[in-house]
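Dear colleague,

Please find below the structure that I am handing over to you. My findings follow directly after it.

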Amino acid sequence: MGRDRAFGVRAAITGAVVLLVAGALALSRYRWDFAPAWQSRALFLEGLLMTLGVTAGGFLIGLAAGIAVALARLSRSLPVRHLGDLYVELIRGMPFIVQLTIAYWGFAPLVGLDNKYVVGIAALGLFAAAYIAEIFRAGIESVERGQVEAARSLGLTRKSALRFVILPQATKRMIPPLTGELIALTKESSLLFYIGVVELMSVSRQTGIRTYATFEAYLVVALFYLCVTFPLSLLARRLERRLGQAAPLPEHL
Amino acid sequence: MIEFQGVRKRYGRVVALDGIDLVIRKGEVVVCIGPSGSGKSTLLRCVNGLEIPDSGEVLVDGRRVDAHAKGIDAVRAEVGMVFQLFHLFPHLTALDNVTLAPMQVKGLPRARAEALARDLLEQVGVGDKAHVHPDMLSGGQKQRVAIARALAMEPKALLFDEPTSALDPEMVGEVLAVMRALATGGRTMLVATHEMGFAREVSHRVLFLDKGRILEQGPPAALFGAPHHERTKAFLSKVL
């Protein structure tokens, strides 16, 4: 019952805010013209597909590279650990657009790479890897020490303990923050317009410039992003709640 | 079976073990008592390399325990350990908790590992809980599953690190009963505990630890009946 009421309140507030914003926009002196955006609907859909595509590609690369970086940071070898730390600090210490610029106009020509999609997805992936590595590390370190001790005291090797005892518990706890990272990456992917990838942001820019209905074009693209991120956000929250219940607290707490 | 030679261990400025010399024979049940912080846990944890002594040596079956060496896994596989806080694997059923090590360490096929696990769970009185996850078990049941898990590796020696200290009083008995059965069955056991009744009835030898030293040791009747040291007397007067 409490949950139904909370849902009602939330829906009412969301509705009120939407109405308020829409009303204010409608009453303003601005002359609204959504026709150009509507005419470009096919372009917007292509842009959406491109956004989803590069985000998915970037996320997959980010997962693979993120696991590698996380394992490096948990390594017993000091130089390897430091390399992992360095990677995370470097990537997290710079705006993505700077990295993208360096990657596309700096590194890519150096290695003779001239495909903006490949460079864009790779850059997105390597960017996400730093954050995903942190999520992995936090997940692994969140498993209490007693679990490793129990596993090792049974004669399991370090690797077996990680595989059969630590990771199954850690991955569960990583799913909600990973969903959050996927949302962040969806938004981050908008910067790929800068190197000429025709995704949502790029489509709305073109539409705006071509038809002078700039405001409308960006409002539409804002809605598109929300349509992608909002369900993900709900999913993340639900997962958090469900996994939180399924995974018991540490036994002594 | 287990041998300590001048083992010292400190954490920063706190001395945990201050020169331990000790020999535990095969089949012997040795109970460690002493105030908290006296080094009981550290003593046990040195046997399977969960702690690394600063100096001195620990031998198990004549083999040096070296946590950094490759052989440590073999030593650990032969020495079972039961923890105060159980440390069951929460993502696995009771049965899978018990079969994990035999399958992964010894390479036992699943069918054989499960048959073994069922026997052991039956033996410790939780045969009906085989397919239950740890969060659905009581403290006493968890600890008995943990004992079964340790036994599944057919260890030559068992370490019990305050196995009943985290239990509700009404569950202490069921765990002690299992331990008693193991002790009378001829297992080599090293037990850190505050259960003086268990020490008195079951053990062959009681060690009184104080500030990282074995201050006094002897058969339970002698140590409990006529302690020599003032500190032993003081401790016993508080816990008995």
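**A hairpin in chain B**

In chain B, strand 9 (residues 205-210) pairs with strand 10 (residues 213-218) in the antiparallel sense, over five bridges. Two strands are taken to pair if DSSP finds at least two bridges between them; strands (E, at least two residues) and helices (H or I, at least four) are DSSP runs, numbered from the N terminus. B:Val206 is placed opposite B:Gly218 of strand 10. The two strands form a hairpin with two residues between them, and B:Lys211 in the turn has a positive phi of about 50 degrees.

This is a predicted model, in which local features need pLDDT of at least 70, side-chain atom pairs count only at pLDDT 80 or more, and totals for chains, interfaces and linings use all residues. Residues are numbered from 1 along each chain as its sequence is written, chains are lettered from A and ligands numbered from 1 in the order in which they are written, and side-chain values use heavy atoms, without hydrogens and water.

**Chain A as a whole**

Chain A holds 10 helices and zero strands. Its radius of gyration (over C-alpha atoms) is 23 Å, well over the 18 Å that the globule rule (2.2 Å times the number of residues to the power 0.38) gives for 253 residues, so chain A is more spread out than a compact globule. The C-alpha trace of chain A spans about 75 × 60 × 25 Å along its principal axes. Of its 253 residues, 38% are buried, meaning under 20% relative accessible area with a 1.4 Å probe, protein chains only.

Yours sincerely

Key: Buried < 20%, exposed > 50% of the residue type's maximum accessible area, 1.4 Å probe, protein only.
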